[in-house]
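Please look at the sequence and the model first, and then read on.

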2 protein chains.
Amino acid sequence: MDADKINEVRQFNRFYTRTLQLTNKYHLGTGLTVLESRLLLEIYENKLRTANELVALLDIDKGYLSRVLKSLQKRGYIEQTIDDADKRSKLLALTTLGHNTLNTINKRADQQVDQLFSDLSDQEIEQVISAMDFIQKKVNLS
Amino acid sequence: MDADKINEVRQFNRFYTRTLQLTNKYHLGTGLTVLESRLLLEIYENKLRTANELVALLDIDKGYLSRVLKSLQKRGYIEQTIDDADKRSKLLALTTLGHNTLNTINKRADQQVDQLFSDLSDQEIEQVISAMDFIQKKVNLS
DNA sequence: CCTAATTAGTTGACAAAAGCAACTTTTTTA
DNA sequence: TAAAAAAGTTGCTTTTGTCAACTAATTAGG
């Protein structure tokens with residue numbers, strides 16, 4: 001990559017990360033923090049089944065995670081049931097409330113995306129999408 | 001946009017936000033938190049001159065910001081001088097250390113981007129960049 | 001088998017980050 | 001020129017996150 005191109009990508013990367021929220025206030029109008037909604041997402045969409053898997057993926061303290069999960073359970077977003085195959089483990093699953101909340105979060109994130117794309121032509125959208133595809137494939141490989 | 005396309009973009013958006021760090025550990029190997037490095041960036045690259053402007057942009061508590069800025073000053077990253085035109089305000093500026101640190105952060109972020117793109121063909125890179133360009137223009141307008 | 005090491009998760013104690021409200025000083029408004 | 005507003009600070013509290021010691025269940029090695 002030549003210097004000009006590097007610079008464009010750098011600008012984009014800074015731009016993208018700058019649009020994200022910095023502090024941990026409630027996320028997209030739901031009663032969840034950024035971490036909590038990420039946990040719901042990983043449990044449901046990425047099929048992570050135990051606290052241990054979440055710790056490995058997200059690189060957070062297991063003691064802290066234990067408490068966050070307990071709080072999510074108390075507030076009715078998830079269920080934790082002891083795994084009969086390994087009684088040290090607890091299997092994680094979303095409740096109906098958890099599902100609904102995750103759906104709300106996704107819907108709102110999608111609205112943001114819609115707005116982002118609302119003025120592009122079909123051809124431009126096509127190009128953006130295939131570009132995103134490249135990046136995503138590359139990162140998933142490494 | 002039809003449903004399939006929306007879905008692809010949604011996936012990308014979730015993917016991108018998921019690659020970002022969730023907790024506030026030291027950022028890219030420097031002695032700064034994510035918020036602190038963002039502050040340096042906004043002061044220098046976006047030319048924000050007062051705490052008040054930072055509060056408006058980032059939507060953070062002004063009391064908390066006041067303390068973070070004091071800490072950045074104490075550690076030698078910024079200077080705060082009283083604005084003679086309005087003695088309630090303090091003008092913010094990076095010190096040499098602040099500049100150097102911001103450069104380091106940018107350099108490391110760029111290395112990550114380099115790696116991200118290292119396996120793409122020239123044509124692919126071209127496409128990704130123009131895609132990013134579209135998005136960025138769109139968002140800057142809205 | 002059966003003890004030692006490992007693993008999944010919990011808990012206590014603490015530190016750092018963030019939020020809220022009351023306050024001071026300066027500037028603006030009416 | 002007094003009252004209201006604005007910029008920033010400070011005290012107090014809550015939330016978030018870290019670290020290390022702990023329990024209970026499982027696995028590995030002799």
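In what follows, Ala, Val, Leu, Ile, Met, Phe, Trp, Tyr, Cys and Pro count as nonpolar, Asp, Glu, Lys and Arg as charged, and the others, Gly among them, as polar. On that scheme, the surface near DNA strand D has 11 charged, 8 polar and 4 nonpolar residues, where near means that a heavy atom of the residue lies within 4 Å of the strand.

This is a predicted model, in which local features need pLDDT of at least 70 and side-chain atom pairs count only at pLDDT 80 or more, while totals for chains, interfaces and linings use all residues. Residues are numbered from 1 along each chain as its sequence is written, chains are lettered from A and ligands numbered from 1 in the order in which they are written, and side-chain values use heavy atoms, with hydrogens and water left out.

**Confidence**

The predictor's confidence in each residue, pLDDT, runs from 0 to 100. Chain A has a mean pLDDT of 78, with 56% of its residues at 70 or more. Within chain A, confidence is lowest in helix α1 (residues 3-18), at a mean of 56, and highest in strand β2 (residues 90-94), at 98; helices (H or I, at least four residues) and strands (E, at least two) are DSSP runs, numbered from the N terminus. Where pLDDT is low, the predicted coordinates should not be read in detail.

**The surroundings of DNA strand D**

DNA strand D is surrounded by 23 residues, the closest being Tyr64(A), Lys87(A), Asn52(B), Ser66(B) and Arg67(B). Of the atoms of DNA strand D that come within 4 Å of the protein, 59% belong to sugar and phosphate. At least two residues of this surface come from each of α4 (62-74) of chain A, α3 (51-58) of chain B and α4 (62-74) of chain B, and α4(B) gives the most, with 5 residues.

Several atom pairs can be described individually. For Arg67(B), an N or O atom in the side chain is 2.4 Å from a base oxygen of DNA strand D.

**Salt bridges**

Side chains of opposite charge can pair when their charged atoms come close.

| Salt bridge | N to O distance |
|---|---|
| Glu36(A) and Arg75(A) | 2.3 Å |
| Arg38(A) and Glu42(A) | 2.8 Å |
| Asp86(A) and Arg88(A) | 2.9 Å |

Glu36(A) lies in helix α2 (residues 34-44) of chain A and Arg75(A) in the loop between α4 and β1 (78-82), so this pair ties together parts that are 39 residues apart in sequence. Glu36(A) is buried (under 20% relative accessible area, with exposed over 50% and partly exposed in between, for a 1.4 Å probe and protein chains only), at 8%, whereas Arg75(A) is partly exposed at 34%. Beyond its neighbours within four places in sequence, Glu36(A) is in contact (heavy atoms within 4.5 Å) with Gly31(A), Val68(A), Ser71(A), Leu72(A) and Arg75(A).

Arg38(A) and Glu42(A) stand 4 residues apart in helix α2 of chain A, separated by about one helical turn, and both are buried. In the remaining tabulated pair, Asp86(A) is partly exposed at 24% relative accessible area, while Arg88(A) is exposed at 76%.

Technical notes:
Polar contact = N/O pair within 3.5 Å; in protein donor to acceptor, adjacent residues only side chain to side chain. Salt bridge = Lys/Arg side-chain N within 4 Å of Asp/Glu carboxyl O.
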